[in-house]
Amino acid sequence: MEGANTKALFLDRDGTINVDYGYVYQPEKFVFTDGLFDFCRKAQDAGYAIVVITNQSGIVRGYYTEDDYRRLTDWMCAEFERRGVRILDVLHCPLLDGPDRKPEPGLFIKARDRHGIDMAASISIGDKQRDVEAGQRAGVGRNLLYEGDWKALQHIFEPE
């Protein structure tokens, strides 16, 4: 547990961290979005722990396995680390419905409880309205829609 005052930057994966080509599960097909690492380093410098929250229905649909997902996740986290960014946790929902599938807030709540995250001081960013809605339902203080430009969001870490 990080501590009760941990603030997090919650990031969606497909379409936010990486270009969404549809059910991406292989490193050679995983393309990071431009400017992501600079943005994440800025978040870390501002005291945010980075947590990835992702729906992964490709598992239950049979497009790839849980092991495929885990291998890609390990690779992704190592790539972040190589670029000076530490991922605190990655939570996923392989199902088509249920309390953990966005727009439901379940994975956010699990991250909060696991790491002592101050939700009101945290930020959530995703490329779909369901990402924004899940963060709102979980009590995340700022919920933003990623529209392809990390530089347009960097102001959120500047002092007011």
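Me: How do the residues lining the largest pocket divide into nonpolar, polar and charged?

Reply: This is a predicted model: local features need pLDDT of at least 70, side-chain atom pairs count only at pLDDT 80 or more, and totals for chains, interfaces and linings use all residues. On a 1 Å grid over the protein atoms alone, a pocket is an open set with protein on both sides within 12 Å along at least five of seven lines, and lining residues have an atom within 4 Å of a point. Ala, Val, Leu, Ile, Met, Phe, Trp, Tyr, Cys and Pro count as nonpolar, Asp, Glu, Lys and Arg as charged, and the others, Gly among them, as polar. The lining divides into two nonpolar, six polar and 10 charged.

Me: Which residues lie nearest the centre of the largest pocket?

Reply: Residues are numbered from 1 along each chain as its sequence is written, and side-chain values use heavy atoms, with hydrogens and water left out. The lining holds 18 residues. Nearest the centre are Asp 14, Asp 20, Tyr 23, Asn 55 and Arg 130.

Me: Which elements give two or more residues to the lining of the largest pocket?

Reply: Helices (H or I, at least four residues) and strands (E, at least two) are DSSP runs, numbered from the N terminus. Two such elements qualify: strand E2 (48-55) and helix H4 (129-138).

Me: What is the volume of the largest pocket?

Reply: Grid points are joined across faces, edges and corners, and a volume is the space filled by probe spheres set on the points. For the largest pocket, that gives about 270 Å³.

Me: Which residue forms a salt bridge with Asp 20?

Reply: A salt bridge is a side-chain nitrogen of Lys or Arg within 4 Å of a carboxyl oxygen of Asp or Glu. Asp 20 sits in the loop between strand E1 (7-11) and helix H1 (36-45), and its partner, 108 residues apart, is in the loop between strand E4 (123-126) and H4. The closest N and O atoms are 3.8 Å apart, and the partner is Lys 128.

Me: Why does Asp 20 count as partly exposed?

Reply: Buried means under 20% relative accessible area, exposed over 50%, and partly exposed in between (1.4 Å probe, protein chains only). Lys 128, its salt-bridge partner, falls in the middle class at 30%. Asp 20 counts as partly exposed because its relative accessibility is 38%.

Me: Is Glu 79 buried or exposed?

Reply: Glu 79 pairs with Arg 82 in a salt bridge, with closest N and O atoms 3.2 Å apart. Both lie in helix H2 (residues 66-82), three residues apart, about one turn. Arg 82 is exposed at 62%. At 12% relative accessible area, Glu 79 is buried.

Me: How far apart are the closest N and O atoms of Arg 137 and Glu 133?

Reply: Arg 137 and Glu 133 are four residues apart in helix H4, so about one helical turn separates them. Arg 137 is partly exposed at 43%, and Glu 133 likewise at 31%. In their salt bridge, the closest N and O atoms are 3.4 Å apart.

Me: Which residues do salt bridges that share partners join into one network?

Reply: The salt-bridge count comes to 15. Those that share partners make one network of Asp 12, Lys 102 and Asp 131.

Me: Is the pair of Phe 30 and Phe 32 stacked, tilted or edge-to-face?

Reply: Rings of Phe, Tyr and Trp (its six-membered ring) pair if their centres lie within 6.5 Å; planes under 30 degrees apart count as stacked, over 60 as edge-to-face and the rest as tilted. Phe 30 is buried at 5%, and Phe 32 at 14%. Their ring centres are 5.0 Å apart and their planes at 70°, so the pair is edge-to-face.

Me: Which residue pairs with Phe 39?

Reply: Phe 39 lies in helix H1 and its partner in the segment after strand E5 (142-145), so the pair ties together parts 111 residues apart in sequence. The centres are 4.5 Å apart and the planes at 40°, so the pair is tilted, and the partner is Trp 150.

Me: Which residues line the largest cavity?

Reply: A cavity is a set of grid points where a 1.4 Å probe fits but cannot get out. The largest has a volume of about 30 Å³. Its lining has five nonpolar, one polar and three charged residues. They are Phe 10, Leu 11, Asp 12, Ile 53, Lys 102, Phe 108, Ser 124, Ile 125 and Asp 131.
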